[in-house]
Number of protein chains: 2
Amino acid sequence: MGNPNRDNEYLGKLQDYFSQYRSLPSYAVIGEMLGMASKSAVSALVKRLTLAGYIEMTPDRRLAPTKRFFERELADFPVPAGLPAAANDAMSDALTVDEYLIPRPSTTVLVRVKGDSMIEAGIHDGDIAVVEKRHAANLGDKVIAIVDGEYTLKTLAKDKLGFLLQPENAEYAPIRPREGLEIYGVMVGLIRKYR
Amino acid sequence: MGNPNRDNEYLGKLQDYFSQYRSLPSYAVIGEMLGMASKSAVSALVKRLTLAGYIEMTPDRRLAPTKRFFERELADFPVPAGLPAAANDAMSDALTVDEYLIPRPSTTVLVRVKGDSMIEAGIHDGDIAVVEKRHAANLGDKVIAIVDGEYTLKTLAKDKLGFLLQPENAEYAPIRPREGLEIYGVMVGLIRKYR
DNA sequence: GCTCCAGTCGAACAATCGTTCAGATAGACT
DNA sequence: AGTCTATCTGAACGATTGTTCGACTGGAGC
């Protein structure tokens, strides 16, 4: 062929564009962006990407990304620094971050973690906890519980006296609810961002 | 005025459309959708919504939703005091977890963490590291480096002898690269899922 | 060497784009 | 009542859209 397959690189630029503007550009602008001089080249590219399932046409013939457009490759080993094509081969799995973390959006809440009472479980101050709202939990689950009208993230435990909320930090004492234990939700994921 | 203000209703339909197609339609289709017979009415509406900050124009004059476009009435859920604010400010101005963690999709890779050499930094075996591919890093950054052809996640440090890769686990020894240090990428985020 | 052929170029095309403007409509105000 | 004023209509406009087609390019593979 005239060129090695650069569609992956092209797709990447489109993903960057969409993540910035939440909209896909026109063929002319795509061409400019990708260094193509003719719209017919873009047209062919769009056809290829559509076939591959990354983009689609709305009923009124506008470009729109599909779900696959947002998939990321999850590599067990990072790939040798080299061609983007190589990165494809080593892709062990593809997933969208949102779907991975939040399978049930309507009952899921994000809560910013405060304090270091859970630091030995690798949950730091400022992290974001992905919490699924429900009232039932298993022992060992990290739960958001309501104690004296306050919300607190602890590990659910139990001893001969009953349920208790266990911090993951030796400097903190377990909390034993005076009355029934009210659980707001169960922590199902963690998000952290380094700046 | 000729009509009560129906912009809210119009906005709602645009939101529905976007959530279905991930793209905003042309003026003609908007008019059809909203029951407007003339594109100039749509043009005026777009001007109003732009002014109100719900939509904007990309550099190539395409309609694109803004963050405010995705705001929802929060009247429905009187969430117990303390939490709702946390959920909202947790991701500040990002619409999705994906967007929050991955501003530049094409240079970002997800890598599954193996081993517990970084456990004191709250990075556990099985966690997913969000890695931005680049060769430059700052001291203190957690980097994926290439040492003897192997990829390893460590904290970048430096002493009088030069750069070294510092594990975050007292039981591991620092790695001092024999030759130049090659950096594959910088860890910018962390994702963990509890099952 | 030679042929393939996916990818790109360049130009021409009708269709659709969003803008503009003058005029009609109808609720809100005095 | 009459006047305002924001909204919508309808038509005309040049600009831009995406499609199409024939020709060119340069690795891959015989």
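Tutor: A term to begin with: a salt bridge is a side-chain nitrogen of Lys or Arg within 4 Å of a carboxyl oxygen of Asp or Glu. This is a predicted model, where local features need pLDDT of at least 70, side-chain atom pairs count only at pLDDT 80 or more, and totals for chains, interfaces and linings use all residues. Residues are numbered from 1 along each chain as its sequence is written, chains are lettered from A and ligands numbered from 1 in the order in which they are written, and side-chain values use heavy atoms, with hydrogens and water left out.

Student: How many salt bridges over all chains?
Tutor: The structure holds 16.

Student: What does A:Asp127 meet in a salt bridge?
Tutor: The partner is A:Arg192, at 3.0 Å from N to O. This pair links distant parts of the chain, 65 residues apart. A:Asp127 sits in the loop between β5 (108-112) and β6 (128-132) of chain A, and A:Arg192 is in strand β10 (residues 182-193). Strands are DSSP runs of E, at least two residues, numbered from the N terminus.

Student: Is A:Asp127 buried or exposed?
Tutor: A:Asp127 is buried, at 3% relative accessibility. A:Arg192 is buried too, at 5%. Buried means under 20% relative accessible area, exposed over 50%, partly exposed in between (1.4 Å probe, protein chains only).

Student: And what about A:Arg176?
Tutor: A:Arg176 forms a salt bridge with A:Asp159, 2.8 Å from N to O. They lie 17 residues apart: A:Arg176 in the loop between β9 (162-166) and β10 of chain A, A:Asp159 in strand β8 (residues 150-159). A:Arg176 is partly exposed at 39%, and A:Asp159 is partly exposed at 29%.

Student: New topic. How many cavities of 30 Å³ or more are there?
Tutor: The search finds two. On a 1 Å grid over the protein atoms alone, a cavity is a set of points where a 1.4 Å probe fits but cannot get out; lining residues have an atom within 4 Å of a point. A volume is the space filled by probe spheres set on the points.

Student: What volume has the largest cavity?
Tutor: About 80 Å³. Its lining includes A:Arg22, A:Arg62, B:Arg22 and B:Arg62.

Student: Which residues line the second largest cavity?
Tutor: A:Leu14, A:Leu24, A:Pro25, A:Ile30, A:Val46, A:Ile55 and A:Leu63. That cavity holds about 30 Å³ of space.

Technical notes: 1 Å grid on protein atoms, 1.4 Å probe; cavity = no way out; pocket = protein on both sides within 12 Å on 5 of 7 lines; lining within 4 Å. Helix = DSSP H or I, 4+ residues; strand = E, 2+ residues; numbered from the N terminus.
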